[in-house]
Amino acid sequence: PNYPRKKIQTMIVPCMLEYEGLPSMTSSKPVGRRKGDSKGRPDVPKLTVRNFIHVLENIVGSLEYVHVDHSVIVQFLKQLFYYINGQMLNNILLRREMCHWARGIQIGFNLSQLEEWCRKKGLAEASVLAEIAPVYQTCKLLQMKKTDVKEITSVCTHLNPLQIQKILTLYINDLEAPVPHSVLKEVARMGGDHTNPSQLMINLQHMHSVVLPTSSPDVNFQELTLPSKLKANFLAKI
């Protein structure tokens with residue numbers, strides 16, 4: 001869905017990654033300003049996770065207004081959440097200031113509001129929420145102790161070893177020692193061989209397959225009459 005994706009594209013990072021809904025939980029390292037950001041400009045309102053959810057509400061509301069089948073809306077939201085997760089995770093993997101324990105708490109809080117919206121809309125299907133599991137697990141990785149590889153991999157089941165290694169390498173925290181080099185080496189060894197390499201970045205162009213509902217319409221075609229103005233005399237009842 002290109003139109004909805006374009007509509008939310010510029011909002012994902014400021015609303016879901018950079019927005020600090022928990023003022024008391026702020027990382028000591030400031031978030032870098034990107035070109036076009038409203039941050040620091042008093043004349044432009046700061047985007048929040050509520051702005052993001054409002055846009056999603058309008059998109060889903062438009063589909064419900066024209067009576068799109070619920071199963072199709074769920075599949076549509078699944079694709080949209082895949083894109084949201086990809087944008088968020090790719091940004092985290094490229095921006096060191098995002099790899100902080102306090103930032104993990106903030107992002108997790110924003111994701112929880114998105115999940116709560118899904119529940120209120122009756123769209124909290126497992127297939128939908130599974131699409132944001134990788135970035136959710138990234139938040140947990142940023143908050144947990146990083147000395148036990150088995151514990152790390154048991155928590156980060158939706159992240160591959162290359163992504164885990166990258167996040168641990170970028171991780172910054174003034175309150176504890178850096179991630180042990182032995183942990184980084186062990187995670188690196190889990191990365192697989194050259195025949196099945198791990199992929200670092202999420203492919204944002206990937207499209208899930210769509211299954212259309214096949215339920216029969218509540219229409220008796222034997223009693224259906226076409227208006228004469230359609231000039232459909234070439235049609236015959238079977």
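The model is predicted, so local features need pLDDT of at least 70 and side-chain atom pairs count only at pLDDT 80 or more, while totals for chains, interfaces and linings use all residues. Residues are numbered from 1 along each chain as its sequence is written, and side-chain values use heavy atoms, with hydrogens and water left out. The protein chain has 10 helices and zero strands; helices (DSSP runs of H or I, at least four residues) and strands (E, at least two) are numbered from the N terminus.

**The chain as a whole**

- Along the sequence, the pattern reads α-α-α-α-α-α-α-α-α-α.
- Of the 238 residues in the protein chain, 41% count as buried. Here buried means under 20% relative accessible area, exposed means over 50%, and partly exposed is in between (1.4 Å probe, protein chains only).
- Taking contacts between residues at least 6 apart in sequence, 77% join residues at least 24 apart. A contact means heavy atoms within 4.5 Å.

**Helix α5 against helix α7**

- Helix α5 covers residues 101-120 and helix α7 covers residues 133-143; their axes come within 8 Å and cross at roughly 150°. That makes α5 roughly antiparallel to α7.
- For these values, axes are lines fitted to C-alpha atoms, for helices over the stretch in contact, and angles run from 0 to 180 degrees between N-to-C directions. Angles under 35 degrees count as roughly parallel, over 145 as roughly antiparallel, 65 to 115 as roughly perpendicular and the rest as oblique.
- The crossing of α5 and α7 is left-handed, a term for a near helix turned anticlockwise from the far one by less than a right angle (right-handed if clockwise).
- On the α5 side, the residues in contact are Trp-101, Gly-104, Ile-105, Ile-107, Gly-108, Leu-111, Ser-112 and Glu-115, and they meet Val-135, Tyr-136, Cys-139, Leu-142 and Gln-143 of α7.
- Sorted by class, this contact of α5 with α7 has eight nonpolar, four polar and one charged residues. Ala, Val, Leu, Ile, Met, Phe, Trp, Tyr, Cys and Pro count as nonpolar, Asp, Glu, Lys and Arg as charged, and the others, Gly among them, as polar.

**Helix α4 against helix α5**

- Helices α4 and α5 pack at an angle of about 175°, and their axes are 14 Å apart. The two helices are therefore roughly antiparallel to each other.
- From α4, Leu-77, Phe-81, Met-88 and Ile-92 meet Ile-107, Leu-111, Leu-114, Trp-117 and Cys-118 from α5.
- The contact of α4 with α5 is made of nine nonpolar, no polar and no charged residues.

**Salt bridges**

- Side chains of opposite charge can pair when their charged atoms come close.
- The structure holds six salt bridges, each with a side-chain nitrogen of Lys or Arg within 4 Å of a carboxyl oxygen of Asp or Glu.
- One of them pairs Glu-18 with Arg-95, with the closest N and O atoms 3.0 Å apart. This pair links distant parts of the chain, 77 residues apart: Glu-18 is in helix α2 (residues 12-18) and Arg-95 is in the loop between α4 (70-94) and α5. Both Glu-18 and Arg-95 are buried.
- Glu-20 pairs with Arg-103, and here the closest N and O atoms are 2.8 Å apart. The partners are 83 residues apart, with Glu-20 in the loop between α2 and α3 (49-65) and Arg-103 in helix α5. Glu-20 is partly exposed at 22% relative accessible area, whereas Arg-103 is buried at 1%.
- Glu-115 and Arg-119 form a salt bridge at 2.5 Å, N to O. Both lie in helix α5, four residues apart, about one turn of the helix. Glu-115 counts as buried at 17% relative accessibility, while Arg-119 is partly exposed at 46%.
- Salt bridges with shared partners also join Glu-18, Arg-95 and Glu-97 into one network.

**Two residues to look up**

- Val-183 sits in helix α10 (residues 181-189) and is buried, with a relative accessible area of 2%. Leaving out residues up to four places away in sequence, Val-183 touches Lys-146, Thr-147, Val-149, Ile-152 and Leu-168. Val-183 and Ile-152 are 31 residues apart in sequence and 9.8 Å apart in space, C-alpha to C-alpha.
- Thr-48 belongs to the loop between α2 and α3 and counts as buried at 18% relative accessibility. Not counting residues up to four places away in sequence, Thr-48 touches Cys-15 and Tyr-19.
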